Amino acid sequence: MSKSKNYISWSGGKDAALALYIAQKEGIDVSLLFTSVQTSVNRVSMHGVRMELIEKQAEIIGLPLHTVGLSPDTSMESYKQLMERETLKLKDMGYSGCVFGDIFLEDLKNMREEQLKSVGMKAYFPIFNRNNTKDLLLEWIDLGFRAKIVCCSLHKLDKSFLGRDIDVDFLNDLPENVDPCGENGEFHTLIYDGPIFKKPLEITTGEIIERTYEASTPGAHDTKFGFIDVF
């Protein structure tokens, strides 16, 4: 059990929300949400969620929000350098560790641990290998969390999944090649209610847009994504 001052890598989605809930239950002091934002559109990186919704989440959860801005042309090396600078800022503010919502990607876990270790900080993974992802999602549902699909790979899911609530029907409708928690990047979510919320976040869904991106690595397949606007 940790009594240190920690922050959480916050995307506004279901895995980060469950990680925060479990961390708090385990006695890990989490007192800050940390979010990266695409400054050109003022939306959360990857998820495409409006920052005003993340700000409302933070208010309802009752934790301050720390953001770092990214430009569309930020390279991986520049991103790593930026994250290191921000991590050092947080360390100077008295934070000694970060909570992550990763579930089973060992390489990603190792990378995060090494990055934080290099600046003398610790990484926590409350839901890593906690259960298989189907049972983990069922646990999430049983705890009373609620979220909508806000982004999905159109190579893996039809755009009709956008805007759907995460529930048992959603789980049953997923194709067999899609991880139930979307851990391989098949989809991303926005949480709007749950045990960490003082009240539900009121949201409305809007138009669906499709975007195609240049593959970041040779042979990459997930380059076409669908987003649904939420406000």
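Let's start with a pair of strands: strand 9 and strand 10 pair in the antiparallel sense, over 6 bridges. Two strands count as paired if DSSP finds at least two bridges between them. Strands here are DSSP runs of E, at least two residues, and helices are runs of H or I, at least four residues, both numbered from the N terminus. In general, strands of a sheet pair through backbone hydrogen bonds, either parallel or antiparallel.

A quick word on the source. This is a predicted model, where local features need pLDDT of at least 70, side-chain atom pairs count only at pLDDT 80 or more, and totals for chains, interfaces and linings use all residues. Residues are numbered from 1 along each chain as its sequence is written, and side-chain values use heavy atoms, with hydrogens and water left out.

Back to the strands. Arg-211 stands opposite Phe-225 in strand 10. Strand 10 also has strand 7 (residues 146-153) as a partner: 3 bridges join them, and they run antiparallel. There, Cys-152 stands opposite Gly-226 in strand 10.

How many of the 7 residues of strand 10 are buried? The count is 6, so strand 10 is largely enclosed by the rest of the structure. Buried means under 20% relative accessible area, exposed means over 50%, and partly exposed lies in between, with a 1.4 Å probe and protein chains only.

Next, charges. Side chains of opposite charge can pair when their charged atoms come close. A salt bridge is a side-chain nitrogen of Lys or Arg within 4 Å of a carboxyl oxygen of Asp or Glu. The whole structure holds 11 of these salt bridges.

Take Asp-229 and Arg-50. Their side chains meet in a salt bridge, 2.6 Å from N to O. Asp-229 lies in strand 10 (residues 224-230) and Arg-50 in the loop between strand 3 (43-44) and helix 2 (51-61), so the pair ties together parts that are 179 residues apart in sequence. Asp-229 is buried at 15% relative accessible area. Arg-50 is partly exposed at 25%.

Strand 10 has another charged pair. Lys-224 and Glu-210 form a salt bridge, at 3.7 Å from N to O. Lys-224 is in strand 10 and Glu-210 in strand 9 (residues 205-212), 14 residues apart. Both are partly exposed: Lys-224 at 34%, Glu-210 at 41%. There is a network too: salt bridges that share partners join Arg-43, Arg-50 and Asp-229.

Last, the cysteines. A disulfide is a covalent bond between the sulfur atoms of two cysteines. Here, the sulfur atoms must be within 2.5 Å. How many disulfides does the search of the whole structure find? It finds 0. For Cys-151, the nearest cysteine sulfur is that of Cys-152, 6.5 Å away. Cys-151 is buried, at 2% relative accessible area. For Cys-181, the nearest cysteine sulfur belongs to Cys-151, 16 Å away. Cys-181 is buried as well, at 3%.
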